[in-house]
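Open your viewer and get ready to click around. We'll go from the whole chain down to a single residue.

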Amino acid sequence: MPATTRDTNQALIFATGHLAAEADGGLDWATLGSVDAPIVLYMGLTNLAPIAAKLIAAGRAPTTPVAIVTNATLPEQATLESTLENIVAASAAAAVAAPAIIVIGNIVSLRADLLPWQQR
């Protein structure tokens with residue numbers, strides 16, 4: 001997935017998902033949900049349900065593409081794609097486990113375009 005493209009986005013947000021479920025001291029999910037920039041979350045798998053709910057409540061479309069990349073850069077790397085409204089059920093069904101990075105936004109949709117190039 002490209003981090004930025006001229007036609008998709010001009011910014012990217014890197015954040016931790018570890019504090020997402022805490023009442024105080026966490027990220028401002030209302031702001032993150034209201035901006036259109038893709039979000040890349042580290043350590044967010046455990047809090048995926050509250051993260052998705054908070055982003056949707058803040059204005060992110062439920063159909064926003066989401067990818068979970070497990071074991072990135074290793075031979076056993078795997079990617080699960082879904083939408084913000086379905087990613088929790090999809091990750092549970094696929095038994096996704098850490099380590100994982102969660103990518104939220106339209107850059108996820110560009111992955112399919114780049115796969116043939118990557119497999120060369």
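Here is a short tour, with something to select at each stop.

This is a predicted model, where local features need pLDDT of at least 70, side-chain atom pairs count only at pLDDT 80 or more, and totals for chains, interfaces and linings use all residues. Residues are numbered from 1 along each chain as its sequence is written, and side-chain values use heavy atoms, with hydrogens and water left out.

**Stop 1: the whole chain.** Show it as a cartoon and you'll find 4 helices and 5 strands. Follow them from the N terminus and the order is β-α-β-α-β-β-α-β-α. (Helices are DSSP runs of H or I with at least four residues, and strands are runs of E with at least two.) Of the 120 residues, 33% are buried, meaning under 20% relative accessible area with a 1.4 Å probe, counting protein chains only.

**Stop 2: the largest nonpolar core.** Select L41, L55, I102 and I104, which have the most contacts inside this core of 17 residues. (A nonpolar core is a set of buried Ala, Val, Leu, Ile, Met, Phe, Trp, Tyr and Cys residues joined through side-chain atoms within 4.5 Å.) Now colour α1 (29-34), β2 (39-42), α2 (48-57), β3 (65-70) and β5 (100-104): each supplies at least two core residues. The top contributor is α2, with 4 residues.

**Stop 3: L41.** Which residues does L41 touch, not counting those up to four places away in sequence? They are A15, T16, G17, W29, I51, A100, I101, I102 and I104. Touching here is contact, or heavy atoms within 4.5 Å.

**Stop 4: another core.** Finally, pick V40, V103, I107 and V108, which are among the 5 residues of a core lying apart from the largest one.

Key: Buried < 20%, exposed > 50% of the residue type's maximum accessible area, 1.4 Å probe, protein only.
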